[in-house]
Amino acid sequence: MPDSFFEIAGISLRFGGLQVLNDVSFTVEQGEIVGLIGPNGAGKTTLFDVVSGFHKPAGGHIWFKDVDLVEERPYRRAWLGLGRTFQTARLFQNETVLDTVKTACHRRMGGGALVSTLRGALGTPSSVTAEREVEERAQMMIARLGLDDYSNKLCSELSYGTLRLTELASMLAMEPELVLLDEPSSGIAQRETEALGPLLLELREELGATFLLIEHDMPLIMGISDRIVALASGEILAQGTPAEVQANDQVIESYLGGRVDLDEVVA
Amino acid sequence: MYWAQLVVAGLFAGAVYALYGQGITLVYKATRVPNFAHGAIGTVGAFVFFKLWDGSAKRLLIPWIHFKIPFTGVSWNPNPPALPFAAALAVALVISVLLGLLVERAAMRYLVDAPTISLIVATIGIFIVITGLAIDMFNQQTETVPPLFNDHVYSVGGIRFFTTDVIVAILALVLAIGLGTFFRFTNLGIAIRATADSRETSRLLGISADRVAAFAWAAGSFLATLAAILIIARSNRQLDFVSLTILIVPGFTAAMFGGFTSLVGTFIGGLTLGVAQNLFIGVHWPTRFLSTAFGAAGAPQFVSFLVVVIVLMTRPKFIFKGVRVDEESGVGLGKARSGLAPEDQLRRVLDRRNTLLLLLEDWKIGRWLLAALCVIPLLAIPVFTVSYWSTVLGSAVFYALIVLSIVVLTGWTGQISLAALGFAGAGAFGTALLSTQFHIPFFLVMPMSGLIGIPLALLIGVPALRLRGFFLALATLAFMVACETWLFPQSFFSTHNDVARGVLRDDLSQPSFYMSLAFAALVYIGVRNLGRTRVARAWHAIRDSENTAISMGIDPVRYKLLAFAVSGFIAGVAGGSFGYLNLKIVAANFTFFFTLTYITAAVISGIAMLAAGPLAAFNFVLLPTITARSISGTNEAIFIIGGLLAVLTVIQYPNGLAYFYSRVLRRFEAGERVAWASTTDAEGIAPAAAGAGTEEEEEELFNRAAHGDLSLPAGVPGA
C-alpha cells in the first residue's frame with residue numbers, strides 16, 4: 001500500500017511489437033502540480049489513457065487514494081475523483097456550453113440510472129430540485145470562467161480557446177481531486193497561454209485539487225509546476241524540480257538534440 | 001447424402017449472396033457508403049432486361065412501360081422493343097450504370113464526410129425513390145419470367161443442381177478473384193484503396209476522389225443488375241420489387257465477412273451463410289416446439305441474424321484485420337458551416353421586419369391559440385362513434401410514438417437502430433395476448449405492452465454495446481428482418497392476434513383513439529421531462545464522445561441499455577395503441593421496409609428533437625391523407641416525395657425541421673444582432689457563430705477567467 005496521494009507504479013504497455021511504456025513509476029503528492037514533458041511519441045498521452053482506463057497496462061499499478069485504479073472500470077475512476085481533459089478538446093459537439101458543464105456534474109447527482117430515469121420521467125420534486133441545483137452550479141462555474149456570453153452556444157460553434165475554458169469549467173463543476181490536463185495550451189494563441197498559467201494556479205487554490213499536466217509550452221509548465229517528470233520513448237528520463245530537470249543532460253539531449261541555452265530557445 | 005445435398009445447395013444459394021454482396025463491398029470499399037439502394041438499382045436493371053428481352057417480353061402480363069407525371073392524369077405507355085438476349089442485357093447494364101452515376105453525382109457527392117446516419121438515410125431515401133418510381137413505371141404485380149438458359153439438371157453422386165446455379169457460382173468466384181486482382185495490381189484499384197483509406201491524402205497525390213466514387217457507383221450498379229438478373233433466374237423466377245430488397249441482409253452479411261473490403265472474403269462469406277442456413281433448416285428438431293419454432297419459413301433470416309451478431313461480437317482477426325471499426329456513434333447534427341446558418345438568416349430577416357421580437361416576446365397568447373388550433377380537431381370527433389378518422393389519427397399516434405422511440409435511441413443516444421418496429425411488433429402481439437387471453441383491461445395492457453417491448457430491445461441492446469455506427473445498424477437490421485420474417489409469422493402469433501377492446505367497446509373505434517392519444521401524451525410528457533435530466537445528458541454525452549462521457553463518470557453500458565429499454569418501452573406502447581385501433585395484428589405491419597421509412601421520417605423531422613414525433617406524424621400521415629382526398633393518386637407519390645426529402649435533408653440540413661424551428665425561435669443571444677449588422681449575405685463569414693472571434697477578445701476572456709473569484713455562496717451544492 002503506497003503512502004502517496006497518487007502513485008504510478010511500474011506501468012508497462014505494449015502495442016504489438018512496440019514498447020510504449022516501460023516500467024514507468026512516479027508519485028504525485030496532494031496539492032502538487034506535476035508537469036509531464038517529453039518529445040512527441042514519448043508516451044505521455046498514452047500514460048494518461050492508461051490512468052483514465054482507455055488502455056489496459058501489461059503490468060503495474062496506479063494507486064490513487066489507496067485504490068488501485070487499474071482494477072477499476074474506466075467510468076468508476078471519475079467517481080473516485082479523477083478528472084481529465086483531452087488533447088484535442090473533445091467536448092460534446094452538439095451540446096451547449098451550459099449542458100456540457102451540467103453533464104460534468106453527473107457524478108455529483110445522487111441516485112442510480114434507473115431511479116433517475118423513473119424520477120425524471122415522472123418529474124418528481126426531488127428530480128426537479130436536483131436539476132435546479134445543477135443548473136445553478138453550472139451557471140456559477142461558467143460565470144467563474146467568464147463564459148456567460150457563450151453558455152447557450154453549441155460546442156461546435158466555439159473557438160479553440162473558448163473550448164479550453166469550457167473544459168476547465170467542466171473540471172470545476174466535476175470537482176475532481178486529481179486533474180489530468182492534456183496540453184491545455186494546444187491550439188490557443190501565445191498571449192492566452194500566458195494567461196493560462198495564473199489561471200491554473202488559481203484553480204488549484206480554489207479547488208484544492210492536484211494537477212498532472214502534459215505541456216509543450218516550456219515557460220508555462222516550468223513556471224507553474226512544483227515538479228517535472230520527463231518521459232522519452234516510454235521511459236522516465238528524469239524527475240525533480242523544474243530547475244533540476246532543465247539542467248539534466250539527458251533531457252536536453254532528447255528534447256533539443258544537444259545543449260543549448262533553454263531560456264534563449266523558448267524566449 | 002442428406003447433409004451433402006444440403007451443403008451443395010447451400011453453396012449455390014450462398015453464391016447468390018456473394019454476388020449480391022460484392023457490389024455492396026465495392027461501393028463501401030471505395031466510398032464508405034453502406035448502400036441500402038443496391039437491391040433497388042439491381043431490380044430496376046432486371047426489370048429493364050426482362051421487359052426488353054425477346055425471350056421474356058411477350059410472356060409478361062404487362063409488357064409495356066408506364067410513364068406518368070405524378071398528381072396528374074398525364075401518362076404514356078410505350079411498348080419497349082423486343083431485343084435479343086445480348087442487346088437487352090447490354091441496355092439493362094448501361095441503364096443501371098447511368099443510374100449509379102446519377103446517384104453518385106446528384107446525392108452522394110455532397111455527403112462526403114457526412115456522419116454515418118446521414119449516409120444510411122440518404123441511401124434509404126434513394127432506395128425509396130427508385131422503388132417508388134420503378135413500381136410506377138414497370139408494374140404493380142409480380143411477373144413470372146422464363147428461364148435464362150436451357151437449364152440442365154446435373155447429378156453428381158446423387159446431388160442435383162442446375163446450369164444457372166453453376167453460372168452464378170462461377171461468376172461470383174471469377175468476380176471475387178478478378179476484382180481482388182484489380183484492386184491489388186491496377187492503378188485505378190490502388191487509387192480506390194488509397195481514397196478509401198484517406199480521401200485527403202489521395203487528393204493531395206492527385207487522385208480525384210469524385211471520379212473514384214463515380215467509378216465505384218457505376219461498377220457497383222453494374223454488379224447489382226447482373227446479380228439481380230441471375231438471382232431471379234436462379235430462384236423462383238418471380239420478378240417483383242420485394243423479394244430482391246429483402247436480400248439486402250444476406251448481401252450485407254456476406255460483405256461483412258469480407259470486412260466490407262475484401263471481395264474474396266465476401267465470396268467466402270456468402271457461401272458460409274448459404275451453407276449455415278441450409279444446415280439449420282435441415283436439422284430434424286427433437287421436439288415439436290423446436291421444430292415449429294425453427295422450422296418456420298423465416299428460419300434463414302434468423303440464421304442471418306445469428307451469424308451477423310456472432311461475427312460482429314467476436315470480430316475474428318482474419319476478417320477485421322485492417323478494417324476501420326467506427327470510433328464515433330455516427331450520429332451528429334450538422335456542423336456549423338461557413339456563412340450565416342440558415343436559421344440565423346431567417347432570424348435576421350424576421351428581425352428586420354420586427355417579427356422575431358413579436359414571436360419571441362409578445363406572442364405568448366398567440367402560441368397557445370396555435371396549439372389549441374392543432375389540438376381541437378383531434379378532440380372534435382364525438383367519443384362514442386365509429387369513425388374513419390380514428391384509424392387515420394390512430395396511425396398518426398402510432399407514427400409519432402415510433403419516431404419518438406427512434407429519437408431517444410438514435411437521435412439522443414447515438415445508437416443507430418433499424419429495429420423500432422420489431423419492438424413495436426412485440427408490444428402489439430403482447431397486447432393481443434393480454435387483452436384476449438387474459439382479459440386484462442386497457443389501462444393495464446397499454447403500460448404492459450410497453451414493458452413487453454423492453455426485453456426485446458435489450459436482446460439487441462446487449463450486442464449493441466460493442467458496436468457503433470454502421471455495424472450497429474447492420475446488426476439491428478438483421479434483427480428486424482428476423483423479427484419480420486421469422487418471429488412474427490410464427491403460427492402461435494398468427495393464431496393469437498385478435499385484440500379485445502373490453503371497456504373501450506369492440507363496436508366503437510373513437511374511444512380507443514382517445515385513450516391511445518392520452519397514453520401517447522403521457523409518454524411524450526415523460527420523455528420530455530426525462531430530456532431535462534442528467535439521464536438525457538448522459539445519453540447525449542455518449543452520442544457525442546463516449547470517452548469524454550466516461551471521463552465524466554458516465555457508465556456507457558448502463559446508459560446505453562437504458563436507452564434501448566426506454567426506446568423499447570415507447571415502441572411497445574406504440575404497438576399497444578396499434579393493437580387497440582386495428583384489432584388484428586398482422587406481421588406485414590411490422591416490416592423492415594416500414595422501419596426504414598420511419599427512420600427517414602425521423603431524420604427529416606429532426607432526429608434529435610422530441611417534436612419530431614408529432615411533426616413526422618403530421619407530415620407523413622395526416623397531410624397525405626388530407627391531400628389524398630382532393631388529389632388522386634398521391635399514395636405512391638408520398639413515398640417518392642418522402643425519399644427525396646430524406647436525401648435533400650441530409651445534404652442540406654441534417655438537423656431536420658424541428659431543430660430548424662427551435663433554432664429560429666430561440667431567445668436572443670448576446671451580440672447576435674450586432675453580428676448580423678456587421679455581416680452581409682455576400683461576405684459569408686459569421687462572427688456570431690465563431691465563438692470568441694478575435695484574438696484580443698479571447699485573450700480578454702482568459703485574463704478575466706484568471707482573475708475571477710470562485711467563492712460559492714452558501715446553499716449551492718458543493719459549497
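Q: What separates the C-alpha centres of domain 1 of chain A and domain 2 of chain A, and where do the bounds come from?
A: The two centres lie 30 Å apart. The assignment gives domain 1 as 6-81 + 176-266 and domain 2 as 93-159, and such bounds come from an automatic or database domain assignment. This is a predicted model, in which local features need pLDDT of at least 70 and side-chain atom pairs count only at pLDDT 80 or more, while totals for chains, interfaces and linings use all residues. Residues are numbered from 1 along each chain as its sequence is written, chains are lettered from A and ligands numbered from 1 in the order in which they are written, and side-chain values use heavy atoms, with hydrogens and water left out.

Q: What makes a residue of domain 1 of chain A count as being in contact with domain 2 of chain A?
A: Contact means heavy atoms within 4.5 Å. By that rule, eight residues of domain 1 of chain A and five residues of domain 2 of chain A take part.

Q: How do you know what area the two domains of chain A bury between them?
A: Buried area is the accessible area (1.4 Å probe) that two parts lose on being put together, summed over both. For these domains that comes to about 500 Å², 52% of it on carbon and sulfur atoms. On the domain 1 side, Trp79(A), Leu199(A) and Glu206(A) supply 63% of the area buried against domain 2, more than any other three residues.

Q: Why is the pair Arg144(A) and Glu202(A) called a salt bridge?
A: The term needs a side-chain nitrogen of Lys or Arg within 4 Å of a carboxyl oxygen of Asp or Glu. The closest N and O atoms of Arg144(A) and Glu202(A) are 3.4 Å apart, so the pair falls inside that limit. Between domain 1 and domain 2 of chain A the count is two salt bridges.

Q: Which helices of chain A supply at least two residues of the domain 1 side that touches domain 2, and what makes a run a helix?
A: Helix 2 (74-79) and helix 7 (190-207) do. Helices (H or I, at least four residues) and strands (E, at least two) are DSSP runs, numbered from the N terminus. Helix 7 of chain A gives the largest share of that side, four residues.

Q: How do you know how many residues and what area join chain B and chain A?
A: The contact takes 58 residues from chain B and 71 residues from chain A. The area buried between them is about 5,500 Å², of which carbon and sulfur atoms give 59%. Arg534(B), Met552(B) and Phe702(B) supply 15% of the area that chain B buries against chain A, more than any other three residues.

Q: Which class do Arg109(B) and Glu104(B) fall into, buried or partly exposed?
A: Arg109(B), at 23%, counts as partly exposed, whereas Glu104(B), at 3%, is buried. Their side chains meet in a salt bridge (3.0 Å, N to O).

Q: What makes the phi of Glu183(A) worth a look?
A: Most residues other than glycine have a negative phi. Glu183(A) has a positive phi of about 50° although it is not a glycine. Glu183(A) lies in the loop between strand 7 (178-182) and helix 7 of chain A, and its relative accessibility of 9% counts as buried.

Q: Where does Leu583(B) lie, and why is it called partly exposed?
A: Leu583(B) is in the loop between helix 26 and helix 27 (592-605) of chain B. Its relative accessibility is 25%, so it counts as partly exposed. Its phi is near 65°, a positive value in a residue other than glycine.

Key: Buried means under 20% relative accessible area, exposed over 50%, partly exposed in between (1.4 Å probe, protein chains only).
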